[in-house]
Structures are given as C-alpha cells and as structure tokens.
Amino acid sequence: MKLPRAQASAWAAAAKMAQRLRRAECAEVSPSPVNWSQRAALYVHWPYCEKRCSYCNFNKYIPRGVEEAAVRRCLVTEAQTLLGLSGVQRVESVFFGGGTPSLASPHTVAAVLEAVAQATDLPADTEVTLEANPTSAPASKLAAFGAAGVNRLSIGLQSLDDTELQLLGRTHSASEGLRTLAEARRLFPGRVSVDLMLGLPAQRVGPWLRQLEELLRCCDDHISLYQLSLERGTALFTQVQQGALPAPDPELAAEMFLEGRTALREAGFRQYEVSNFTRNGALSTHNWTYWQCGQYIGIGPGAHGRFVPQGAGGHVREARIQTLEPDNWMKEVMQCGHGTWKCIPLGKLELLEEVLAMGLRTDVGITHQHWQQFEPQLTLWDMFGACEDVDVLLEQGLLLLDGRGLRCSWEGMAVLDSLLLTLLPLLQDAWHQKTPSPVPGG
C-alpha cells in the first residue's frame, strides 16, 4: 500500500516548513540527548556510479545497466524488515549515500520515504539528505528530488582545480561544480553541504587555501574538509606506490587543515566536529547520530548499521553489514526480507570505547548525562579525574574535564588521535577493574 501522491507531496511541503522553523528556533544549538532505544537514523546505500574515482575504495559498482525498479522494491522491503526488527518508534534522519545516489530516480527516494513513513514515525522536520555529484544532478533533477522529500544536499566538489579533479578521477570540472552548488543553494537554501579534500599528491598550502577562499565566497552553511587517505586497491594508491605520483606530505596536509579551520572560524563557521564546519545552526543531524553513538539502520548493498533488535526480543546492540554485491543482496532480500551479511553483538566495553572516541570528535564532547545513558556506574570522573596523564593534557589546554563533561579544546581537537592514545587505555583499565575476569571453575 502506497501513500497517495497528494499525501506524499503534503509531507514534503510540511517538512520544508518544519525545517525552516526548527533552524530559526535552534540556531547554533546541538541536538539534545534522545532515548536511543526508541529512535534511529536511517542510511540508504545506492551502490552505483558512472565511474570509479581514483581514490575511492567504497562499495560501489559501475554497471552496464541498472534494473532500478527491482532495486527500489528491495530497498523498500529491507527498510520495512529492518525497521520492524529494530522496534524503533521514530526515524530522526534519512541519508541517501553511495555510490552516487543522485543517479537514482526521485521516484526511488520517494518510495523509500513512503515505506519509512508507513512503518514508523517520520516527523515533518526529519532531515533527508542526498549525496549528489555535479554531473548527475542537473537543476531539474535536484528540484525533483526536493519534491520527493529531500531537504538537504551534500555535494562532492572535492576540489576547485581542474587538474586535481582529473587526478581524483572526478567526472565534473570546477566550473560545473560551482554551477551545481549555485543551483542547489537556490533550491535548498541553507541546506547544502560541500566537501573539499586536502593532502593530495603535490598539493601546496597556498593554492589550496585560495580554493577554500573561493568556496567561502559562494558556499552555503556547511563545509566538510577531508584529508586524502590512500587506500590499497585504488588507482591513486598504485600510482603513488609505483612512483608515478609523489606521496602526499603529511606535514603539509596538517598545515592545510590548521590554516583551513582558522579561515573557516574567521568566516563565522563553528567546527562542531573534527572534519565538519557549520554556521547558522546547519549541522548534519544524521551524522550527529553517528558521533553520539545513537542507533542507525543501514539498508542497501554494503550498508552498515548499529541497533538493538528489539523487535525480535534482543537487548544487545549489534553491528550489522549488508551483503556487498548488489545482485546477491537483492536475491537475499527477495528470499529473506533483508540481506544482512554480518551481525556482530557489541560488548559493553566496545560500545563505551566508541562513545569516547566518537564523542570527542565533536566540540560538545561527552556530557556526563550522555555518558550515563551508556554507563550509569563508571563516571567520567572515575576514569579520568585522578590521572596524572590526563592532568598533563588538562594543563596543556588540550582537554577539558568539568561539570559539563569531557571534551577537547580548539587546540586539542586538532590532535585528537594522540589524545585517544592516552584516554582509551585508561577507559579499558577502569572497566577491567570494575569487571573482574571470571574465575575458572567458579
């Protein structure tokens, strides 16, 4: 049973109005804690691309043809099945990623949203994000995605230099990227994010900063800065390994990042997460769920999820991965209702490690209230309040531990990885002291 077209259109219109009201009321305020057992985010993976970028090792495929109607039916079926299995009562965000989901038809997006709205509560102000590449997202198609229920776009610009775009294997030029950005801002004002990469082979600080300055003149209210990661099996990794390209310079990449975050702060952006910057309250509520270790359900080939299968009587959060290859995934969905490949129960310590590592990526950090949702007995003070190593980090101004909770300073966020080398072992030691190993034969 499908929602009537008029009802679906009304939902999309109400969502746009609710988003405007919500942003006006909540500017620069992070999402408040939620009852994770009743709520979840939904990630939808569209695995197909026009071509594989030289740096990408994501689960994506370059098909000769896509039977989109069959893929759509399977996405809808898997969404219904896993939402029922999770037992969640509300979906708080939906993110269409890939792959290149802007290659899909708006009808597919609408069908998934209709299925979610039928299976659980999908509030009118739900953030619905679609990743878009400039060459697959003309203005008319972006408008159709908006009519289908999308209210936020994430555009993979990656660079404003044509030579760099060719190196990365992107299908668009810098001018095409800027044109798509302008159209997106017209259609989704205040709701457009852009990605910019740094640390490419032979890239220099000055030219990269000029790209960022150009982007600041025409961007919306959300920017993500990502350092290139050379992944084994990619074309770029092979070129560097064979000496055809110089290896990226980590010191230059660090300088780019430090200079870039300073430029963004001066332009009025808040670094609310290590790689993500926002102004006017336009943060990604979907990604915020990840950083706060909330539940999320992943559907589509290779999608990841983390949720408690309450609908099946479960009480332990599970890490789930869907079958990678699209044709095999579709067969499993048609046979079983879902294509879950791996399902791994998460231990309590493993979950707390994620809460610590992910929470410290944000400028809010980990509040005492948030930590207690996951561990009501072992407090942040218990673990870090009387430790010489932590005292050193506090004195250096890299870390803050106070009545609010535990968080990085502006300086500390830039060296988070090194801070975690100190903090994670302390968490592990405190946990093992609290939970003695069972005595054999006892």
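This is a predicted model: local features need pLDDT of at least 70, side-chain atom pairs count only at pLDDT 80 or more; totals for chains, interfaces and linings use all residues.
User: Is helix H3 largely enclosed by the rest of the structure or left open, and why?

Analyst: Good place to start! A residue counts as buried when its relative accessible area is under 20%. In H3, 10 of the 14 residues are buried, so the helix is largely enclosed by the rest of the structure. Among the buried ones are Pro-106, Val-109, Val-112 and Glu-114.

User: What length does H3 reach from its first C-alpha to its last?

Analyst: Helix H3 covers residues 106-119 and reaches 20 Å, close to the 20 Å expected at 1.5 Å a residue. Another handy idea concerns direction: an α-helix has 3.6 residues a turn, so residues three or four places apart point the same way.

User: How many residues of strand S2 are buried?

Analyst: Seven of the nine residues in S2 (residues 90-98) are buried, and the strand is mostly covered. For the protein as a whole, 54% of the 442 residues count as buried.

User: Which strands pair with S2?

Analyst: Look for bridges between strands. S2 pairs with S1 (residues 39-46) in the parallel sense over eight bridges, and Leu-42 stands opposite Val-94 there. S2 also pairs with S3 (residues 127-132), again in the parallel sense, over four bridges. In that pairing, Phe-96 has Leu-130 of S3 as its bridge partner.

User: In what order do the three strands of the antiparallel open sheet stand?

Analyst: The order is S13-S15-S14, with antiparallel pairing. S13 (366-367) and S14 (399-401) stand at the edges with a single partner strand each, so one side of each has no neighbour in the sheet. S14 and S15 (residues 405-408) are joined by three bridges, and Leu-400 has Arg-407 in S15 as its bridge partner.

User: At roughly what angle do helices H4 and H6 cross?

Analyst: To read a crossing, follow the two axes. Those of H4 (residues 139-148) and H6 (residues 174-187) come within 10 Å and cross at roughly 30 degrees. The crossing is right-handed. H4 brings Ala-139, Leu-142 and Ala-143 to the contact, while H6 brings Thr-180, Glu-183, Ala-184, Arg-186 and Leu-187. By type, five of these residues are nonpolar, one is polar and two are charged.

User: How many helices and strands are there in the protein?

Analyst: The protein has 17 helices and 15 strands. Of the contacts with a separation of 6 or more, 72% join residues 24 or more positions apart.

Note on methods. Residues are numbered from 1 along each chain as its sequence is written. Side-chain values use heavy atoms; hydrogens and water are left out. Two strands pair if DSSP finds at least two bridges between them. Helices (H or I, at least four residues) and strands (E, at least two) are DSSP runs, numbered from the N terminus. The expected span of a helix is 1.5 Å times one less than its number of residues. Buried means under 20% relative accessible area, exposed over 50%, partly exposed in between (1.4 Å probe, protein chains only). Axes are lines fitted to C-alpha atoms, for helices over the stretch in contact, and angles run from 0 to 180 degrees between N-to-C directions. A crossing is left-handed if the near helix is turned anticlockwise from the far one by less than a right angle, and right-handed if clockwise. Contact means heavy atoms within 4.5 Å. Ala, Val, Leu, Ile, Met, Phe, Trp, Tyr, Cys and Pro count as nonpolar, Asp, Glu, Lys and Arg as charged, and the others, Gly among them, as polar.
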